[in-house]
Amino acid sequence: MAGNGVFAEILDGEVFKYYADGEWKKSSSGKSVAIVNPTTRKTQYKVQACSQEEVNKVMDSAKSAQKLWAKTPLWKRAELLHKAAAILKEHKAPIAESLVKEIAKPAKDAVTEVVRSGDLVSYCAEEGVRILGEGKFLVSDSFPGNERTKYCLTSKIPLGVILAIPPFNYPVNLAVSKIAPALIAGNSIVLKPPTQGAVSALHMVHCFHLAGFPKGLINCVTGKGSEIGDFLTMHPGVNCISFTGGDTGIAISKKAGMIPLQMELGGKDACIVLEDADLDLVAGNIIKGGFSYSGQRCTAVKVVLVMESVADALVEKVKAKVAKLSVGAPENDCDITPVVSESSANFIEGLVMDAKEKGATFCQEYKREGNLIWPLLLDNVRPDMRIAWEEPFGPVLPLIRINSIEEGIHHCNASNFGLQGCVFTKDINKAIMIGDAMETGTVQINSAPARGPDHFPFQGIKDSGIGSQGITNSINMMTKIKTTVINLPSPSYTMG
Ligand SMILES: NC(=O)C1=CN([C@@H]2O[C@H](COP(=O)(O)OP(=O)(O)OC[C@H]3O[C@@H](n4cnc5c(N)ncnc54)[C@H](OP(=O)(O)O)[C@@H]3O)[C@@H](O)[C@H]2O)C=CC1
Ligand SMILES: O=C(O)[C@H](O)COP(=O)(O)O
């Protein structure tokens, strides 16, 4: 149970504490923030509403702790990360339970998220040992006009304090995907978890606490992003922001100072289907890509662009599979569970109604109870409908019939997003040509978009982000290059 057993110390009465300077604390604000269970629509948990003064203190302790941590041998940093990974996996059950209650993630997927996170932390420790243990050695005579009088040594050094802000849909996995690279590279962490998902994140942080990381190195401040977000992101103590979420990231990018930013934002991932595609494979991937976790994945298939000649056959196959999706409570491990909030459900409904007014074909009856929306495929969607462009983040999927490959590529590239895309065809040459023409950070050939495995590079272009994630890229991003040049009094050429 959440807040029980080894996790008892993170709870004070009915409010979960925040974590600073190696201790679990109550906010002096005396205020809390309610976390509403998307299924029951009742308050499930409460977390502290941290004050600006508490954020200031956290930044100070994160700064001091980082100075010592940067001097901790790399193998020791890795050892602690491995320990945290093992503790996280050992306690997967209570963390998964919080994911079910806070964000209505289906029970099995919730366990998978925690296990995947433990694996990510371990992999990161190993990768860090490899890539941070190496530097470069340059000699000056390779550049015109120089003798061999200068030896240049480069190494990767930490940035300082990393502010990590993950979104609600992977509050554990997208938190550790920022925490682990930051720590292995010698940085300290200030985590601001999403409000829906904060309790799962606090449990995950406690696993790092139990592993024995130094005081102040990892901190977790809770509160509504709309209230403490600006104070955190514009704080002079922050040396780098790693953010995953929606348009908020665009606003943060405009406000943040001259610090490195890693932004993973929204997407409108297109699935282009050619005449020769294996339609059973496509239908399976549309179901997995469009409807898993009720479409609340940045990498969800968010628009299908199918050649008219095979559209009827594909629609029939997808309809048959949609009919088999179970709809209900996350505790029952249903495929489709309530979306995260009432406002999200209202937004999705707005897109559906707009498509209805403009003449889209409903392949299923539209049905909603509270935050639970039944899966819906919308056929004959046209570009004048909002759902052709906007990201529903829900279990509703638009399908646009196209008459040429160019039309599909044009629709994909006309989007303000550019996260991932996919193309289904048996012709590898066409797949490569289309993939190259799609303006997205990743193109999947014959499979739905996905971020994992977690060590793959993951990036969006246009409004989908800045920089690249994935374990190796995140470690590199959370370091800067330091060079030391040894100047010799006379040229020295090494002899064999
Ligand atoms: N590209 C990617 O990797 C991913 C992108 N996303 C995108 O995220 C969106 C859904 O996630 P959602 O959590 O609703 O996204 P939001 O952008 O609403 O929130 C993301 C995080 O930002 C915080 N936040 C809110 N306001 C501020 C602020 N002013 N300053 C700093 N932080 C703030 C939130 O806290 P609080 O919860 O307290 O408001 C939350 O922790 C979708 O658009 C989706 O596509 C999601 C997952 C992955
Ligand atoms: O937040 C998201 O939606 C994730 O980054 C997607 O991850 P996945 O493709 O591994 O589900």
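Which residues line the largest cavity? In this predicted model, the lining is Leu120, Ser177, Pro181, Arg451, Asp454, Phe458, Gln469, Gly470, Ile471 and Ser474.

## Basis

Residues are numbered from 1 along each chain as its sequence is written, and chains are lettered from A and ligands numbered from 1 in the order in which they are written. Local features of the predicted model need pLDDT of at least 70, side-chain atom pairs count only at pLDDT 80 or more, totals for chains, interfaces and linings use all residues, and side-chain values use heavy atoms, without hydrogens and water.

## Cavities

The whole structure holds four cavities of 30 Å³ or more. A cavity is a set of points, on a 1 Å grid over the protein atoms alone, where a 1.4 Å probe fits but cannot get out; lining residues have an atom within 4 Å of a point. A volume is the space filled by probe spheres set on the points.

The largest cavity has a volume of about 80 Å³. Helices α5 (173–184) and α14 (471–477) each give its lining at least two residues. Helices are DSSP runs of H or I, at least four residues; strands are runs of E, at least two.

The second largest cavity has about 40 Å³. Among its lining residues are Val301, Lys302, Val396 and Leu397. Strands β15 (301–307) and β20 (396–402) each supply at least two.

## Sheet

Seven strands form an open, mixed sheet, ordered β16-β19-β20-β15-β14-β22-β23. Strands pair if DSSP finds at least two bridges between them. Strand β19 (376–379) runs parallel to β20, joined by three bridges. Leucine 377 has leucine 397 of β20 as its bridge partner.

Key
On a 1 Å grid over the protein atoms alone, a cavity is a set of points where a 1.4 Å probe fits but cannot get out, and a pocket is an open set with protein on both sides within 12 Å along at least five of seven lines; lining residues have an atom within 4 Å of a point.
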